[in-house]
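Please look at the sequence and the structure first, and then read the points below alongside them.

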Amino acid sequence: MSAAPTSAASEAGAPPAPARTGAVVPVLASAGITVALMQTLVIPLVPELPKLLHASAAGTAWAITATLLAAAVATPIMGRLGDMYGKRRMLLISIGMLITGSVVAALSSSLVPMIAGRALQGLAAGVIPLGISIMRDELPSEKLGTATAQMSASLGVGGALGLPAAALLAENFNWHTLFWLSAALGAIVLVLVLRFVPESSVRSGGRFDVLGGVGLSVGLISSLLAISQGADWGWTGGRTLGLFALAVAALLAWGWWERRTDEPLVDLRTTTRPQVLLTNLASMVFGFAMFAMSLVLPQLLQMPKATGFGLGQSMLASGLVMGPSGLVMLITAPFSAKISKTRGPKVTLMLGAVVVAAGYGVGSVLMSSVWELVLVSLLIGAGIGLAYGAMPALIMAAVPVSETAAANSLNTLMRSIGTSVSSAVAGVILAQLTISLGGYTLPSQTGFRVVLLIGAGAALTALAIASFIPTSRGADSPVLEAEAARA
């Protein structure tokens, strides 16, 4: 049986100091944005990595894949450890891995150290769900909705803002500067967390489910590796099919074990509740929809004008076009919280899906000038801000306080899986619908339009899934359970 929460949990009713409470939200949001920056940090370097690291293009692709795989493993595990041993403690460890990975990558001049550094950066992915969980434990109820919406949106904000920043640095400085900067940002965030973020007194205790952690890791790594490398290896190739088969077997065995152990890594009885299950499914589909924008718009902006539809912009210009969408996500987060408070987070999630679908619909028609793509990115960014703000509210309304970090981590993982599938699907489509220009094969305008329409379809699918989420008192007022836990 699980150990009882620590005795300190009984003191959770004491309100946090006002000064500290006021600093918790910006500090945790800054930590989330810093970690999310890692997603786009190396994008400007991708074409140059084979030359910089003296390796093949296939080898340097692992600089991105390693981060994806490490993040998938770390997110649910760090969430569970946070519930058991302290969310702030795990948050500091995650930021420490980000700093270490950044330094390793900054010192690297060959492939293996770069992959190791990027994997360590990926292990910091648990920062955002841990931050949301700390907010639930520490903030007064009237501030919780807006704060968690901002923290959840930081996943998109960091990714959007990272592209122009990374492009600017890559064009004007030595490429190692990107990683030294990320290490410096991580160090600043670490100091701020130590100074302003208190350790949560809400802990579940218990014994960590090692077998469950191994089983889930094998299942996730196998499936994401097959998805990310399938286009290069061949979707019907032995390695790809073998990894998919291993993923299915590992996840089935993991599910069987989790249902029978007394202290599971993920409480499947909780995750199969309709509100949690449907929110996670909608999150995965939404992650798919969100990433389509990141794949299509930069390519359209940078395609040569000779194609007839490309806009011939630089990487920096393309990043500046995408950057405002991150700011819109941050600005939209308080509106997401306000709608959730008055109409319920289910309504907010559905509204976000409608706005994202509208953005992709507009993008499938308007793609011939820079201002049109700015408009598209702003619309999609606004929809993502609304939806991402609602997701943690729906999750936290349906899970016990002692499982907050694990539940939010699983939700974050679902979004990441959606983005990985989106990348694979878009890659296949753009590889099939091509044109020839100057002896080079490039994606066609039809290919881009198809991906945008698929993004719209994914957003509408998320809308349909969200419509079945049960509406309950807890769902409409996600702060009630956190408030009751402090009583």
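In H13, the residues Leu-278, Leu-281, Ala-282, Val-285, Phe-286, Phe-288, Ala-289, Ala-292, Val-296, Gln-299 and Leu-300 meet Phe-448, Val-451, Leu-452, Ile-454, Gly-455, Ala-458, Ala-459, Thr-461, Ala-462 and Ile-465 of H18, where contact means heavy atoms within 4.5 Å. By class, this contact of H13 with H18 has 18 nonpolar, 3 polar and no charged residues; Ala, Val, Leu, Ile, Met, Phe, Trp, Tyr, Cys and Pro count as nonpolar, Asp, Glu, Lys and Arg as charged, and the others, Gly among them, as polar. The model is a predicted one, in which local features need pLDDT of at least 70 and side-chain atom pairs count only at pLDDT 80 or more, while totals for chains, interfaces and linings use all residues. Residues are numbered from 1 along each chain as its sequence is written, and side-chain values use heavy atoms, with hydrogens and water left out.

**Helix H13 against H18**

- The axes of H13 and helix H18 (residues 445–466) come within 8 Å and cross at roughly 160°, the axes being lines fitted to C-alpha atoms, for helices over the stretch in contact, with angles that run from 0 to 180 degrees between N-to-C directions.
- That angle makes H13 roughly antiparallel to H18, a term for angles over 145 degrees, whereas those under 35 count as roughly parallel, 65 to 115 as roughly perpendicular and the rest as oblique.
- The crossing of H13 with H18 is left-handed, which says that the near helix is turned anticlockwise from the far one by less than a right angle, clockwise being right-handed.
- Helices here are DSSP runs (H or I, at least four residues), numbered from the N terminus, as are strands (E, at least two).

**Helix H13 against H16**

- Helix H13 (residues 274–302) and helix H16 (residues 370–396) have axes that come within 10 Å and cross at roughly 160°, and the two are therefore roughly antiparallel to each other.
- On the H13 side the contact includes Gln-275, Asn-280, Phe-286 and Met-290, and on the H16 side the residues include Val-370, Ile-380, Tyr-388 and Leu-394.
- Gln-275, found in helix H13, counts as buried at 7% relative accessibility, where buried means under 20% relative accessible area, exposed over 50% and partly exposed in between (1.4 Å probe, protein chains only).
- The side chain of Gln-275 reaches the backbone oxygen of Leu-394 at 2.8 Å.

- Asn-408 lies in helix H17 (residues 404–432) and counts as buried, with 2% relative accessibility.
- Its C-alpha atom is separated by 7.5 Å from that of Ile-132, although Asn-408 and Ile-132 are 276 residues apart along the chain.
- Not counting residues up to four places away in sequence, Asn-408 touches Pro-129, Ile-132, Ser-133, Pro-392, Ile-395 and Met-396.
- Val-189, placed in helix H9 (residues 176–196), is buried at 5% relative accessibility.
- Leaving aside neighbours within four places in sequence, Val-189 is in contact with Ser-30, Ala-31, Thr-34 and Ile-95, and Val-189 and Gly-32, 157 residues apart in sequence, are 9.6 Å apart from C-alpha to C-alpha.

**An exposed loop residue**

- His-54 sits in the loop between helix H2 (49–53) and helix H3 (57–60), and His-54 is exposed, with a relative accessible area of 69%.
- Phi of His-54 is near 55°, a positive value in a residue other than glycine.

Methods
Polar contact = N/O pair within 3.5 Å; in protein donor to acceptor, adjacent residues only side chain to side chain.
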